[in-house]
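Have the sequence and the model open side by side.

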Amino acid sequence: MKSIETRYMEERQAAIEGLRGLDRRAFMRVSAAAGAAALTTGAVWPHSFQPLTFEANGASPLEESFRIAYISDSHLYTKEVNDRFVRSILRAVDDVNRMDPQPDFVFYGGDLAQLGQPAELELGAEILKNVKAPVRMMVGEHDWYFDLGRKWRELFGEDRYSFDHKGVHFVVLNSVVEQDFWTARGLTPMERMQTVAGLDNGLQNPFMVGEEQRTWLAKDLERIGDETPVVVFSHSPLYHLYKRWNFWTEDAPQVQKILRRFARCTVIHGHTHQPLTNRIGNIHFHGLLSTAWPWPYAPEGLPELTVQMNRPDPFNPMDGCGMGELEVSADGLIDKVYRLWNRNPVTVSAAYLKSNGQDDRPARTNASSY
Amino acid sequence: MRIDKKTGSLLAVGGLGVAVLLATARPQDGKPVQVQLCDGETSVSLPAEPASRAEAQAVADGLMAAWKAKNPERAWVMEQDGQDAQEALLQKRFQLVGPYDNRAMLGEGQAEGHPYRDFTERDVVLWEREVRRLVLEGAQVFHDANRLGSTIAVSCDMCHPDASNTHPETYPKYQTQIGRTVLLRHMINWCIEHPVRGQPLAEDDPRMIALEAYIYAQRKGKTLQYGRH
C-alpha cells in the first residue's frame, strides 16, 4: 500500500516526464487538453499535476529542485604547521554532514592547500573523505603552483570537466591559469608558489581561463540548449572586479560571451572569501565563503548588486568564515545561501538578481568596508 | 647633473645606474677644482667646473676607472645594481604608496637667508629615500610569518592584503575586547598574539615601528577619524 505522499510524488513524476521533450506548441496543446479534460469531468486534481501548473512556472526545465552544499578556500598547511585551518575545514565537514536532507553533492571551491604541498593536498583529500555526500572538486591557485597541478590531478582528476545532474549542466573550470612569470626569473617551485600565494603580490600575472579551455568550453556547450540551466564553477570571479588581488579573470569577457545565450546561467566562484553578488546580462554570479579567513572587500570595482557582509570581528578568528548552500529551484536558477559561522545565514536569491536588486534584498551592512 | 649651490657638491648619475657623489671644493677665480669620489680618496683636479652633463660624466667615469684599477677584486657596481633591482622588484611586489612629494619646498622665496627652511634637492631625496626604506621594511615584516614570530605560519597580509581593513586613521579608539583605549600598535600586538599566534612585540621593536610605517603609508590620504569603529 503506497502512502499518499508516494502516490503524489509518482503522479508528479509521471506528469513531468510526460512533458519532457514537448516543444512549446505541443506543450500548449497538452495544457489545453488537460484543462479541458479537467473541466468536462469536473475533476479537481488537488493531488495531481496539471500541465498548466508547469506552464505557469514558465516551462520549468527541471524535474525537481535540489540542493548543493559547498566548502571552499580552506588553505590547509599540514596540521603540525597550523591546526587552526584544519579545525575550520573539519567544522565545515561536520556542518554539511549534519544537513538534513543531505545535499545532492558537496562542491569544493578550490584552495584546499595553502602552498600546494603534496602533504597539504593529501591532508585535504583525507578530510574530504569524511563527507557523506559525493564531492566535486575545483582547483585554486594555492593548489596548483607548486607542481603545476601534478599532485592535485593525481588525487582528484581533471581540473576541468562537466557533468549533468537533474537537468542542470554543470561545468568546472580551472580559471587560475597564469602566464609564465617564473622561468625568466629562475624561480624554484616553492618561490613560484609563494609568489602566487600572496594575494597582494604584484610579481604575478592575472588569472585566466585560457584559449585552450575556452575552446573546450564552447565545444562542451554545443549540445546544450539555450533553455537548459547551466552552472559554471570557477575559482576566480568570471568578471573583472579588482585586478591587483586577482579578483579578476583576464579573459572573462570572452567566457561570458560563450555563456551569454543561456537563459539560466549561474557562475559560482571561490577565491574572494566573502559574500559577493553580480549579474551581467543573464549570468548570475555568486562568491563562496572561506573556512580559513575572510578577505576585505576590494577598494574598488565592487558590483552594485553586492550587499556586503559586516566587517569581520577581529576578536573572533572564525567570524566572516563559513560554508553554505546552493538551492537550485525548479526554474533552474539558484538561491545562494551563505552560512556564516556565528551569524545568521544570508540568502541572496535568484529573485533579487532577476529583479536587479528591486526584490528580496538581503539586509544591508552597518559596518561596511572602508 | 645638478650643481648644488649650498654645499657645492655635484650629484651625477652614471650610465650604469650608479649614483656617484662627488665632493668639490667651491670654485674660486683661477683656482683649480678638486673633485673627490665618494670613497674619500680618489680625486682629480680640474681647471674649472664641468660645463655640461657630458663633461661631468666624463670626470665621473674617469674617477670610477681609477677606483676600479685600484680595487680590481671589488665588484661594487654589481652589488649596487643588484640592490636597485631588488628594490624595484619589492616595489613591484608590494606596490607601495609613495610618500608626500616635498619638491614644492624647493626654489626661490623666503628660504633665502632662512637656514632651517633652505632645503636642497638632496634633502628632499634623502627624506623620500629614508621613509620609503622604512615602509618597505614594514611591508616585508607584514608579509613574513617568521619575522612576525607566528607559530602557525600566518602573516598579516593573509587577512589584510595591501594593509586593507587595518584603519590606522581610526586610532586611538576604545576596544571593548581589550578593555581600554588603544593605539594601532596595540591592535597590531593583539593580532600578533591571536590570529598570528606569536609573542607580542615591544612597542619600540624595529619590526613594530616598520609595521606601523607600512600600515600608515598604505592609508595615505585617508582622513584622520580617531574613535571610528
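## Paired strands

Two strands count as paired if DSSP finds at least two bridges between them. This applies to strand 1 (residues 66-71) and strand 12 (residues 322-328) of chain A, which pair in the antiparallel sense over five bridges. A:Phe66 stands opposite A:Val328 in strand 12 of chain A. The model is predicted.

Strands of a sheet pair through backbone hydrogen bonds, either parallel or antiparallel.

## The sheet of chain A

How many strands form the open sheet of chain A? Six, in the order 3-2-1-12-13-14, with mixed pairing. Strand 3 (135-137) and strand 14 (346-348) of chain A are the edge strands, each pairing on one side only. From one strand to the next, the twist averages 25 degrees.

Helix 4 (residues 84-97) of chain A lies across part of this sheet.

## A helix in chain B

Helix 3 (residues 121-142) of chain B has 22 residues. From first C-alpha to last, this helix reaches 31 Å, close to the 32 Å expected at 1.5 Å a residue. Its buried residues are B:Val135, B:Gly138, B:Ala139, B:Val141 and B:Phe142.

## Where the chains meet

Chain A has 21 residues in contact with 20 residues of chain B. The side of chain A that touches chain B has 12 nonpolar, five polar and four charged residues.

Key: Residues numbered from 1 in each chain as written. Chains lettered and ligands numbered in written order. Predicted model: local features only at pLDDT ≥ 70, side-chain atom pairs only at ≥ 80, totals over all residues. Contact = placed C-beta atoms within 7 Å. Nonpolar A, V, L, I, M, F, W, Y, C, P; charged D, E, K, R; others polar. Helix = DSSP H or I, 4+ residues; strand = E, 2+ residues; numbered from the N terminus. Expected span 1.5 Å × (residues − 1). Buried ≥ 20, exposed ≤ 12 C-beta atoms within 10 Å, placed from the backbone. Axes fitted to C-alpha atoms, helices over the stretch in contact; angles between N-to-C directions.
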